[in-house]
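Here is a short note on the aromatic contacts, written as numbered points. Please read it with the coordinates open.

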Amino acid sequence: MPSFAELKAKAAGVTSAGAEKFQNVRDKHTSVPMAKTNWDPYSGAPPPPPPPPRSLVNRNTKPSFVALPPPSRTSSAGSPSLSRNNTISPAPPLPSRSSSAAPPPPPPRGKSAAPPPQPAHTSASASASQFRSPPLVSGISPPPIVRSTRPDSQPRRATPTTTSTAGTEIDWTNLSPEDKAVFFSWLDEYFANFTPPSNNKIEQAAAHPGAPSHAPPPRAAPNDETPFISQSKPASWNRPQVGSHDFTLSHPPATEHGSAALDLAHFFAPSTPWSGAWYNASGGPSIPPPLVGDSNHTFTCSWRSKGSNKTTQVGVIFADLSLFWGTVDFTTTNPEDPRQVKRHAVYLPPPKSLGQAELLEAHETYGETMALFAESFLGAGQYCARGECWDMANEALKYFAQYDYIPKPVPSISRTHGHLIFEGKATNRGREMAGRWRGGDVSVRRGDIVEWRKVKIGIKGAPPGSFYTLGDPDHTAVIVSDSIPSSSPVDGGSMKPSDLGIITVVEQSLGQLPERRDYDLSCFEEGEMWIYRPVGMKVYLGVDDITAVPPEGLHGIQQL
């Protein structure tokens, strides 16, 4: 019969064996979060070798821990971090590829992971060489890697470790309170990181998209509490913003067929009935009826005759910068006989926007002269032309006619003064704004022309309720200072009027001599606005001037 001392030693061995076995079980089933590992299971790279067993690690062989500086505060994992001293802290460089069989592990994934290195910006006030990355500490070993966390590997079975008390059984009823507390803490940690086997099968199938599958994926039971994992993040719903592309302005006027020239071409179609021989006017120009009473165009006409045969020719350029040419052949003996009237029409649609090079060249050709022309009236004590606001822009564009070496610019046609650069509107006391940039330039420039329609702009720094009223209904001014938008302009892209900042103009009106004034568009409350760039007719429209007949060899001309 064993002695009391032997029984006590055996009981102690049983307790020790039980604790060590549960320690092994814990080691085998502990799942390390992906953010704390140094291997991305979705990168396609093989996993690094597993760490040595705990029983083979000697405390004397462990490297000493060298503390890194604390991570900088970041707003997101993909944005540059800002340290406490407000200096930019670039990410440490990635390790170079080596020729060894085992590649170096990538940086750990997680919230503390540094963002990838950003490309250098030449416009930054401080160069990237002024900021040095902290040196990498090679004495720190990587965190442990658990293969069971890989979605493409089978769960590894735990193998019991042989001990000196092999063959003994654990007395579950006689565990000490300390052992029970440790045991249950292990269970809590295990189940907190436990992944159901059904998910592992689904993830294994997703990890091997090339493997053939002849059966549909398993369907979760109605009472299955496994959360649904979508492969793509659903787009969140946002309230539509007024700054979108879907907005319309009152100028140029709306058309039925896409452009004013095309609308007039439809009027010239043989199927359109005409009442009266408008083309046989005597004592005045022959104006097509759709143009009568309309000011959104510039018109010219001519006629020729031979005997009783007469031809009327019409040329029109509209405010949308579409062009039209039409001819009517008829007999003077019976001009209203539809069997003897022949119609013909061709047109050019509105031009497309120009690139940055063309718009910069237009600014260099016309911009400075436009601005100096407007500024020449400051302090002169007199108006430009009639004193109407529109006269300032119109007369400045006409000023180039005296220089034969300067290409003729697009004239002022109603409220159009060249190439549209920006158009926008504001409503609801400025709470809702919409706008659109046009063309390849990135700035509003000196010499551009601004048009306002029923605009109300608040006055910054003035008593509450103070504002300017521009346009009754329209107002024109010449811009005399460059203005760089706060957001990057893109041809056809959305941009609010407030993004243009402050624009400086020279303006006049009846009862107000020419003066310089600043308008802060962040205080834009109501109305519509347009900004135009003076540009040559030949460059932009393909013609040198508006004529009654189209030029020979005109490119892009169309007909019904």
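1. Rings of Phe, Tyr and Trp (its six-membered ring) pair if their centres lie within 6.5 Å; planes under 30 degrees apart count as stacked, over 60 as edge-to-face and the rest as tilted. Ring pairs join Phe267, Phe268, Trp274, Trp278, Tyr279, Phe324 and Phe330 in a cluster.

2. The model is predicted: local features need pLDDT of at least 70, side-chain atom pairs count only at pLDDT 80 or more, and totals for chains, interfaces and linings use all residues. Residues are numbered from 1 along each chain as its sequence is written, and side-chain values use heavy atoms, with hydrogens and water left out.

3. The structure holds 16 aromatic pairs. In one of them, the ring centres of phenylalanine 268 and tryptophan 278 are 5.8 Å apart with planes at 75 degrees, so this pair is edge-to-face. Both residues lie in the loop between helix H4 (260-267) and strand S3 (297-306), so the pair ties together parts ten residues apart in sequence. Helices (H or I, at least four residues) and strands (E, at least two) are DSSP runs, numbered from the N terminus.

4. Buried means under 20% relative accessible area, exposed over 50%, partly exposed in between (1.4 Å probe, protein chains only). Phenylalanine 268 is buried at 3%, and tryptophan 278 is buried at 11%.

5. Phenylalanine 373 and tyrosine 399 have ring centres 5.5 Å apart and planes at 45 degrees, so they form a tilted pair. Phenylalanine 373 is buried at 15%, whereas tyrosine 399 is partly exposed at 28%.

6. A charge sits over a ring if NZ of Lys or CZ of Arg is within 6 Å of the ring centre and within 35 degrees of the ring normal. Arginine 343 lies over the face of tryptophan 274, 3.7 Å from the ring centre.
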